[in-house]
Amino acid sequence: MLAFLIQRVLQAIFVMFVVALISFSLFHYVGDPVLNMLGQEATEADRAALRAQLGLDQPVVVQFWQFIVNAAQFEFGISYRSARSVSDLILERLPATLELAIISAIFAVVMGIVLGIYTAIQRGNWLSKFIMTASLIGVSLPTFLICILLIYVFAVELGWLPAFGRGQVVDLGWWNTGLLTGSGLRSLILPAITLGLFQLTLIMRLVRAEMLEVLRTDYIKFARARGLSKRVVNLRHALKNTLIPVITIIGLQLGTIIAFAIITETVFQWPGVGALFITAVRFVDVPVMAAYLMMIALVFVVINLVVDLLYYAVDPRLRVQGGAK
């Protein structure tokens, strides 16, 4: 187990190093930050002073090392657009993104597993066929179109839910949440459904396919021959083995939810990190773009590490192979 953990941690460190190199290149070779911050009217002395303050007068190797040290401390410099610390900007918007991502992930995982089990067990049922047909919508339609359809139906036509914004939030120290207010909960429904719909359909279809495969195995037939009830066979024996390969996909989808919240946050004007990144791209705010890239890479690295450890804990074959080595 220890050797497995060390190997995965070293792989994660290597991935973050590569991402840091890409982010540094984005910093170093996309425009001149001094010109962007001071403008064309600044004197050469002003530019030299700011360049020295930012450490841009150092050799490239020294700058890259300093960038890695600062990134490890969650420091990414000053935003070109707002002249504020990039770390402060991200921390201000991170609660909104995490809140949306967590609710979307819970919605996608719970509903995906439940519907996947139901459509596998009741595959000849008319409701199961309807669910499978409707699931094609979540797979086929692009996210921005789903956003527009939900806004049109539930906000414009029915008037049940707000079309944009986060609603009223409550400050809990450095964290702010809309889960404690009525308008915050209502504002969360449409973007959470939009963001989680694709992941829901993917998880549901994967669980269904794995469940059908497991139900055809010999040990399930033996369990039925022993007189065990359908509930015990399906939920205790079949589901446990079904979820082993599903864990990996679920982990990757959780990272995808955070990474691809950009479109949902933009359409619903959700004040999260994704919307901040879109604004940074529009104004070529390189420090914010690099910080977002590093943050998303860290999310995927951590999730993949956790998924590998869960996979190792759930699947006894990996433990046997690890012990044999």
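This is a predicted model: local features need pLDDT of at least 70, side-chain atom pairs count only at pLDDT 80 or more; totals for chains, interfaces and linings use all residues.
Residues are numbered from 1 along each chain as its sequence is written, and side-chain values use heavy atoms, with hydrogens and water left out.

**Salt bridges**

- There are two salt bridges in the structure (a side-chain nitrogen of Lys or Arg within 4 Å of a carboxyl oxygen of Asp or Glu).
- One of them pairs Arg166 with Glu99, at 3.4 Å from N to O.
- Arg166 sits in the loop between helix 7 (143-157) and strand 1 (170-172), and Glu99 in helix 5, so this pair ties together parts that are 67 residues apart in sequence.
- Glu99 counts as buried too, at 5% relative accessibility.
- Glu92 and Arg84 also form a salt bridge, with their closest N and O atoms 2.4 Å apart.
- Here both partners are partly exposed: Glu92 has a relative accessible area of 45%, and Arg84 has 34%.

**Overall build**

- Expect 14 helices and two strands (DSSP runs numbered from the N terminus: H or I of at least four residues for helices, E of at least two for strands).
- The protein has 325 residues, and 40% of them count as buried.
- Take the contacts between residues at least 6 apart in sequence: 70% of these join residues at least 24 apart (contact means heavy atoms within 4.5 Å).

**Helix 5**

- Helix 5 covers residues 86-121, and its end C-alpha atoms are 50 Å apart, which agrees with the 52 Å that its 36 residues should span at 1.5 Å a residue (the expected span is 1.5 Å times one less than the number of residues).
- Shortly before Pro95, helix 5 has a kink of about 40 degrees at Arg93 (the bend is the angle between axes fitted to the seven residues ending there and the seven starting there).

**Helices 1 and 4**

- Leu10 belongs to helix 1 (residues 2-29) and counts as exposed, at 54% relative accessibility.
- Val60 lies in helix 4 (residues 60-72) and is partly exposed, at 37%.
- Val60 and Phe24 are 36 residues apart in sequence, with their C-alpha atoms 9.8 Å apart in space.

How values were computed: Buried means under 20% relative accessible area, exposed over 50%, partly exposed in between (1.4 Å probe, protein chains only).
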